Amino acid sequence: MIHKFLCFLMVVLGQNVWSQNTERSVINGKITSNTANTSDLEGVYVINAQTEASVITDSSGTFSILAKVDDVLVFSSVGFKEKRVVLTSENFTDLNFTVKLSMVMHQLEEVIVKRYDNINAVALGIVPADQKSYTQAERKLKTATALDPTATAGGMVGGSISADPLLNFFSGRTAMLKKEIEVEKKEFFMKLLEKMFSWEHFVERLKIPAEYVKGFEYYAVENDKFTAILNSKNKTSTEFLLGELAVKYKELIASGNK
């Protein structure tokens with residue numbers, strides 16, 4: 001029964017998407033702000049007020065969304081004032097369609113900050129002591145794959161499941177988010193490795209050619225056994241295994257140069 005319902009749901013959603021695509025086309029644009037840093041441009045919601053479809057800007061502030069002339073795009077974020085733009089035919093042909101946002105400025109009186117290490121969300125009972133903390137990429141994946149029985153956005157109201165996880169799975173977005181988590185983990189281990197050992201250590205102690213140091217770091221963090229020890233922050237054990245990997249890596253360099 002569930003299988004039949006899911007098949008029916010996918011057919012209905014597919015028809016809706018096809019119908020919208022015949023009326024609307026993709027518009028590409030970018031947000032800017034004179035006062036914002038580049039990192040502030042990521043994560044701004046762009047919502048089509050007519051279809052209620054939404055996307056999120058990337059790290060450079062760019063976005064793509066289905067729309068047509070006279071649709072209203074709503075730009076919303078905690079750090080910016082909400083802005084509404086009525087689309088014209090020129091916006092669809094403009095290769096540099098840009099929307100300028102204004103940051104929300106809060107003027108505060110003098111604030112004296114006192115540190116209370118024993119007062120936190122766990123101590124106050126707001127967050128359970130054993131609750132898992134998620135990275136940004138992990139939060140995106142959890143949101144994209146969560147089957148929320150109470151969800152109303154992208155699903156049906158009243159005890160049914162949200163269709164978003166199904167759409168994310170078939171569109172490949174779930175796989176993309178999983179790859180983002182893997183990249184995030186690699187970047188974390190790279191920073192941890194570089195913090196623990198200096199560039200001179202790789203060149204002078206491990207005898208890695210200077211031009212191959214960065215490549216060796218990537219090679220090391222691809223090793224699950226090494227990252228497990230690296231994450232324990234036991235420098236002695238990490239250095240020992242790093243020496244073994246250095247020997248193997250130099251053998252790869254030598255064989256590649258023959």
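Begin by selecting E217, which is buried, with a relative accessible area of 5%. The model on screen is a predicted one.

**E217 and K214**

Show the side chain of K214 next to E217: the two meet in a salt bridge, with 3.3 Å from N to O. Both residues belong to helix α7, and because they are three residues apart there, about one helical turn separates them. An α-helix has 3.6 residues a turn, so residues three or four places apart point the same way. K214 itself is partly exposed, at a relative accessible area of 42%.

E194 counts as partly exposed, with 35% relative accessibility.

**Other salt bridges**

Which residue forms a salt bridge with E239? The partner is R205, and the closest N and O atoms are 3.3 Å apart. E239 is in helix α9 and R205 in helix α6 (residues 199–205), so the pair ties together parts that are 34 residues apart in sequence. E239 is partly exposed, with a relative accessible area of 24%, whereas R205 counts as exposed at 57%.

Next select E23, R24 and D71, which are linked in a network of salt bridges. The count for the model comes to six salt bridges.

**Helix α9**

Now select residues 235–256, which make up α9. This helix has 22 residues and reaches 30 Å from its first C-alpha to its last, close to the 32 Å expected at 1.5 Å a residue.

Colour T238, L241, L242, L245, A246, Y249 and I253: these residues of α9 are buried. They cover an arc of only 165 degrees around the axis, which puts them on the same side of α9. Then colour T236, F240 and E251, the exposed residues carried by the face turned away from the buried side of α9.

**The N-terminal end of α9**

Move to N234, which caps the N-terminal end of α9. One of its side-chain oxygens lies 3.2 Å from the backbone nitrogen of T236.

Is T238 buried or exposed? It counts as buried, at 0% relative accessibility. Leaving out residues up to four places away in sequence, T238 touches M196, F197, F226, I229 and L230.

From that set, select M196, which lies in helix α5. M196 counts as buried, at 15% relative accessibility. Apart from neighbours within four places in sequence, M196 is in contact with L230, K233, K235 and T238. Draw a distance between the C-alpha atoms of M196 and N234: the separation is 9.9 Å, for residues 38 apart along the chain.

In soluble globular proteins, nonpolar side chains tend to be buried together. Here, select L193, F202, F216, F226 and L242, which have the most contacts inside the largest nonpolar core, a set of 21 residues. The elements giving two or more residues to this core are α5, α7, α8 (224–231) and α9. Which element supplies the largest share of this core? That is α9, with six residues.

Centre the view on F216 and show its surroundings. Not counting residues up to four places away in sequence, F216 touches F202, L206, I208, L242, L245, A246 and Y249.

As a last stop, select V46, F63, V99 and L101. They are among the 16 residues of another core, which lies apart from the largest one.

Key
Residues are numbered from 1 along each chain as its sequence is written. This is a predicted model: local features need pLDDT of at least 70, side-chain atom pairs count only at pLDDT 80 or more; totals for chains, interfaces and linings use all residues. Side-chain values use heavy atoms; hydrogens and water are left out. Helices (H or I, at least four residues) and strands (E, at least two) are DSSP runs, numbered from the N terminus. The expected span of a helix is 1.5 Å times one less than its number of residues. Buried means under 20% relative accessible area, exposed over 50%, partly exposed in between (1.4 Å probe, protein chains only). The arc is that of the directions from the helix axis to the C-beta atoms. A polar contact is a pair of N or O atoms within 3.5 Å; within protein, one must be able to donate a hydrogen and the other to accept it, and residues adjacent in sequence count only if both atoms are side-chain atoms. A salt bridge is a side-chain nitrogen of Lys or Arg within 4 Å of a carboxyl oxygen of Asp or Glu. Contact means heavy atoms within 4.5 Å. A nonpolar core is a set of buried Ala, Val, Leu, Ile, Met, Phe, Trp, Tyr and Cys residues joined through side-chain atoms within 4.5 Å.
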